[in-house]
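Colleague: I am new to this one. Can we go through the labels and what backs them?

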Amino acid sequence: MAHLLLVEDDPTIRTALTRALGERGHAVASAHTAMDGLRLAVSEGPDLVVLDLGLPDMDGRELLRMLRAVSTVPVIVATARDDETEIISVLDAGADDYVTKPFSAGQLDARIRAVLRRGGEEAPSQALTVGGLRVDARSREASLDGRPLDLTPREFDLLHYLAARAGAVVSKRELLIEVWQVPYGGADKTVDVHLSWLRRKLGETAQQARYLHTIRGVGVKLAAPGGA
């Protein structure tokens, strides 16, 4: 059984989902505003949050950013917006998955179980080391030559995924699927932007790469300096 928090302002949808998810064995708390949702997320420590974007007091994406500042709780965004740009923006903001309205309780339950399975996978017990770069999945900390790196959650996930495959070329499509959990292509720009931010924090550029090497037309490779 998972302890869920449902943040949804529509009382009909909120009641129906609370009942349906409860029948599937989950314990469900609910909130109808962003601020109530934030309060419950902090005080109750749910296993997962289902978040509607169209909330009365603020946009759900802003609540998502606030949640990510204080918690790593998995978040599934429920939205009527099916535009690819919108979906990418909520995934970049820290959502673990999304579901487009209208959806069935069964579909949402399947998404919940999939996200919780991913979150339950045991992190490697040993930190990854590539040259002077150290990436620790358990503590979600990374350092370069002993200096801590200030990374966003997405930047850390991207760096960890590449570090776990050091020396191998990884396609942008693979990164979208495995890091962003986006099951379609055509959004390479979001990968490019995050790689650019990551390079900046590693003190390098695409033209003067030390760790992150772009293989034109193929993908990107993380390698220790001198080992590219």
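Modeller: What follows takes the labels one at a time. Keep in mind that this is a predicted model.

Colleague: Why is Val 70 called exposed?

Modeller: Exposed means over 50% relative accessible area. Val 70 has 57% relative accessibility, so Val 70 counts as exposed. Val 70 lies in helix H3. Its C-alpha atom is separated by 9.5 Å from that of Ala 41, 29 residues apart along the chain.

Colleague: Ala 41 sits in helix H2. Which residues of H2 are buried?

Modeller: Ala 34, Gly 37, Leu 38, Leu 40 and Ala 41 are the buried residues of H2, which runs over residues 34–44.

Colleague: How do you know that they are on the same side of H2?

Modeller: Look at the arc around the axis. They cover only 165°, which puts them on the same side of H2. On the other side, Val 42, Ser 43 and Glu 44 are exposed. The cover over the buried residues of H2 includes strand E1 (3–7), strand E2 (27–31) and H3. Gly 45 follows H2, with a positive phi near 55°.

Colleague: Which residues are buried in helix H4?

Modeller: In H4, residues 84–92, the buried ones include Ile 87, Ile 88, Val 90 and Leu 91. Their arc around the axis is only 165°, so they are on the same side of H4. Just after H4 comes Gly 94, with a positive phi of about 125°.

Colleague: What makes the phi of Arg 140 worth a remark?

Modeller: Most residues other than glycine have a negative phi. Arg 140 is not a glycine, yet its phi is positive, about 55°. Arg 140 lies in the loop between strand E7 (133–136) and strand E8 (141–144). Asp 145 is another non-glycine with a positive phi of about 55°. Asp 145 lies in the loop between E8 and strand E9 (147–148).

Colleague: Why is Arg 140 called partly exposed, and why is Asp 145 called exposed?

Modeller: Buried is under 20%, exposed is over 50%, and partly exposed is in between. Arg 140 has a relative accessible area of 38%, so Arg 140 is partly exposed. Asp 145 has 58%, so Asp 145 is exposed.

Colleague: What makes the bond between Lys 101 and Pro 102 a cis peptide bond?

Modeller: The angle omega tells you: it is about -5° for the cis bond that joins Lys 101 and Pro 102. Most peptide bonds are trans. Pro 102 is in the loop between strand E5 (97–100) and helix H5 (105–120).

Colleague: Which residues have the most contacts inside the largest nonpolar core?

Modeller: They are Leu 63, Leu 133, Leu 159, Leu 162, Leu 175 and Leu 222, in a core of 51 residues. H6 gives the largest share of this core, six residues. Apart from it lies another core of 16 residues, including Val 99 and Ile 112.

Colleague: What does Leu 162 touch?

Modeller: Leaving out residues up to four places away in sequence, Leu 162 touches Val 170, Leu 175, Leu 195, Leu 212, Val 220 and Leu 222.

Colleague: How do the residues lining the second largest pocket divide?

Modeller: Into three nonpolar, three polar and five charged. Arg 65, Asp 92 and Glu 155 are among the lining residues. H6 gives the most to this lining, with three residues. The space in the second largest pocket is about 190 Å³.

Technical notes: Residues numbered from 1 in each chain as written. Predicted model: local features only at pLDDT ≥ 70, side-chain atom pairs only at ≥ 80, totals over all residues. Heavy atoms only, no water. 1 Å grid on protein atoms, 1.4 Å probe; cavity = no way out; pocket = protein on both sides within 12 Å on 5 of 7 lines; lining within 4 Å. Points joined across faces, edges and corners; volume = space filled by probe spheres on them. Helix = DSSP H or I, 4+ residues; strand = E, 2+ residues; numbered from the N terminus. Nonpolar A, V, L, I, M, F, W, Y, C, P; charged D, E, K, R; others polar. Core = buried A, V, L, I, M, F, W, Y, C linked by side-chain atoms within 4.5 Å. Buried < 20%, exposed > 50% of the residue type's maximum accessible area, 1.4 Å probe, protein only. Contact = heavy atoms within 4.5 Å. Arc of directions from axis to C-beta.
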